[in-house]
Amino acid sequence: MPDPIVPKGVAHVPLPPVAAPDPIVFVLLPNLSMLAFTSAIEPLRIANQLTGQSLYSWTTMSETGANMRCSNGIEIGIDSALADTPQAAAIFVCSGVEPERNTPAAVAGWLRRQWRTGRTVGGLCTGAYTLARAGILSGRTFTLHWENIPPFREHFPDLDPVEQLYAMDERILTCGGGAAATDMFIRLIYDRHGGDLARAVLNMCLHSVQRSETDRQQSSTSASLGTRNPKLLRLIAH
């Protein structure tokens, strides 16, 4: 794993020293969502910065070790090809558009082996496609971006994703991508290091509120329009 990143900052949250950083592995797939990836990794960096400690380390992998291009055209550097990971690692597959075409069988097989040897695994945005092809989602609560839920159900009729911000089912963690990745990773920081640090990371991200795991990904029609007029809402729904 690369050396943990501990940037300098003004704000500080005191925390007892940790013995070693928690290792996080991001497996990037072609046309991944850059928003989902950065929304996940920045809370980790900020947690290190606020405490002045190596609470988290992270590395990026791809199927062959080649750099990955995001759906917005920006290329992200990769640390290595798929390889073994630390026993304590949490592995997140970050996908994006056209997941039906951009989910290599080799990545799914590798992820299945990591899962079977005790790693925590997860999917950001449409990363649940890889988890499904790895055969580890049966009977699990999981999610992916709302736009991709209908085609996902067509490809995997025996699986039923939930339309919520994120889902944490034992060693399987998934989120709908975008800013939902920040919500899920701040929750992980809260579970690991407590509320003071989690709230400080939330404020550093200018994330106005910590949303719940079961909050819906899409705002309601009444909220987006700023009205609760029942006749108007029925008309729009029609």
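The legends below describe close-up views of a predicted model. Local features need pLDDT of at least 70 and side-chain atom pairs count only at pLDDT 80 or more, while totals for chains, interfaces and linings use all residues. Residues are numbered from 1 along each chain as its sequence is written, and side-chain values use heavy atoms, with hydrogens and water left out.

View 1. H6 spans residues 195-204; helices (H or I, at least four residues) and strands (E, at least two) are DSSP runs numbered from the N terminus. Gly195, Leu197, Ala198, Ala200, Val201 and Leu202 of H6 are buried, that is, under 20% relative accessible area with a 1.4 Å probe, protein chains only. Helix H1 (34-51) and helix H5 (180-193) are among the elements that cover these residues. Just after H6, Leu206 has a positive phi of about 55°.

**View 2. Helix H5 against helix H6.** The axes of H5 and H6 come within 7 Å and cross at roughly 155°; axes are lines fitted to C-alpha atoms, for helices over the stretch in contact, and angles run from 0 to 180 degrees between N-to-C directions. The two helices, H5 and H6, are therefore roughly antiparallel, a term for angles over 145 degrees. Ile186, Ile189, Tyr190 and His193 of H5 make the contact with Gly195, Leu197, Ala198, Val201 and Leu202 of H6, contact being heavy atoms within 4.5 Å. By class, the contact of H5 with H6 has 7 nonpolar, 2 polar and no charged residues. Ala, Val, Leu, Ile, Met, Phe, Trp, Tyr, Cys and Pro count as nonpolar, Asp, Glu, Lys and Arg as charged, and the others, Gly among them, as polar.

**View 3. Helix H1 against helix H6.** H1 and H6 pack with their axes 10 Å apart, at an angle of about 115°. From H1, the contact uses Pro43, Ile46, Ala47, Gln49, Leu50 and Thr51; from H6, Leu197, Ala200, Val201 and Met204. The contact of H1 with H6 divides into 8 nonpolar, 2 polar and no charged residues.

View 4. S8 (residues 166-169) and S9 (residues 172-175) pair in the antiparallel sense over 4 bridges; pairing requires at least two DSSP bridges between two strands. Asp169 has Ile172 in S9 as its bridge partner. The hairpin has 2 residues between its strands, and Glu170 in the turn takes a positive phi of about 55°.

**View 5. Thr130 in helix H3.** Thr130 lies in H3 (residues 128-133). Thr130 counts as buried because its relative accessibility is 0%. Apart from neighbours within four places in sequence, Thr130 is in contact with Leu29, Val93, Thr103, Val107, Ala108 and Leu111.

Definitions and conventions:
Buried means under 20% relative accessible area, exposed over 50%, partly exposed in between (1.4 Å probe, protein chains only). Angles under 35 degrees count as roughly parallel, over 145 as roughly antiparallel, 65 to 115 as roughly perpendicular and the rest as oblique.
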